[in-house]
Amino acid sequence: MKIRYTPELLAHMKHRNNHTILVELVEINHSDVEVADLHVYLPHPRQRRRFVEDKRYRVVTTEAGEVLLPPYPLELAEEVVFGLKKVLFFHTLTYTGIKL
């Protein structure tokens, strides 16, 4: 598996001084509807520690930092690409190559 970053995301990570990407599974379970989705973001250092130590997330070291992946299986393509999408003043991380 090869992990790449877009130049915009690399610049944003350098500006924020945060080189960790967290891939978290978010589940919503109501009585009739169950929804699961991935939430990808730059975590706070304390949050990173909690996910690695308490929740047992896998740490994948990359050339630009690290990616934290959940302990359960995900479908990962040969190449995973993380990017940055900016809408007005808000930044969102995008990803390709990861499926539930």
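1. **The E6–E7 hairpin.** Strands E6 and E7 form a hairpin with two residues between them. Leu88 sits in that turn and has a positive phi of about 55°. The two strands run antiparallel, joined by nine bridges. One of the pairs is Lys86 with His91, the latter in E7. Strands are DSSP runs of E with at least two residues, helices are runs of H or I with at least four, and both are numbered from the N terminus. Two strands count as paired if DSSP finds at least two bridges between them.

2. **Basis of the note.** This is a predicted model, where local features need pLDDT of at least 70 and side-chain atom pairs count only at pLDDT 80 or more, while totals for chains, interfaces and linings use all residues. Residues are numbered from 1 along each chain as its sequence is written, and side-chain values use heavy atoms, with hydrogens and water left out.

3. **E1 against E6.** E6 also pairs with E1, here in the parallel sense, over four bridges. Lys2 stands opposite Glu79 of E6. A salt bridge here is a side-chain nitrogen of Lys or Arg within 4 Å of a carboxyl oxygen of Asp or Glu. Arg4 is partly exposed at 36% relative accessible area. Glu79 is partly exposed too, at 35%. The cut-offs are: buried under 20% relative accessible area, exposed over 50%, partly exposed in between (1.4 Å probe, protein chains only).

4. **The other salt bridge.** How many salt bridges does a search of the whole structure find? It finds two. Glu66 lies in strand E5 (residues 65–69) and Arg48 in helix H2, so the pair ties together parts that are 18 residues apart in sequence. Glu66 is buried, with a relative accessible area of 14%. Arg48 counts as partly exposed, at 25%.

5. **Helix H1.** H1 covers residues 7–16, and Leu9, His12 and Met13 in it are buried. Seen down the axis of H1, the buried residues fall within an arc of 100°, so they line one face of the helix. The arc is that of the directions from the helix axis to the C-beta atoms. On the other side, Pro7, Lys14 and His15 are exposed. What covers the buried residues of H1 includes strands E1 (2–5), E2 (20–29), E6 (75–87) and E7 (90–99).

6. Most residues other than glycine have a negative phi. Asn17 follows H1 and has a positive phi, near 55°. Asn17 is placed in the loop between H1 and E2. It is exposed, with a relative accessible area of 64%. Arg56 is not a glycine either, yet has a positive phi of about 60°. Its loop lies between helix H2 (45–53) and strand E4 (58–62). Arg56 counts as exposed at 60% relative accessibility.

7. Leu25 is in strand E2. It touches Ala36, Asp37, Leu38, Tyr57, Tyr72 and Leu100, not counting residues up to four places away in sequence. Contact means heavy atoms within 4.5 Å. Leu25 and Tyr72 are 47 residues apart along the chain, and their C-alpha atoms are separated by 9.6 Å. Ile28 is also placed in E2. It is partly exposed, at 43% relative accessible area. Val26, Ile28, Val33 and Val35 form a nonpolar patch on the surface, with about 300 Å² of accessible area together. Patch members have over 30% relative accessible area and no salt bridge; like charges are joined within 9 Å, nonpolar side chains (Val, Leu, Ile, Met, Phe, Trp, Tyr) within 5 Å. Accessible areas come from the Shrake-Rupley method with a 1.4 Å probe; for residues, only the protein chains shown count as cover.

8. **Val60.** Which residues does Val60 touch, not counting those up to four places away in sequence? They are Met1, Ile3, Gly65, Glu66, Val67 and Leu69. Val60 itself is in strand E4.
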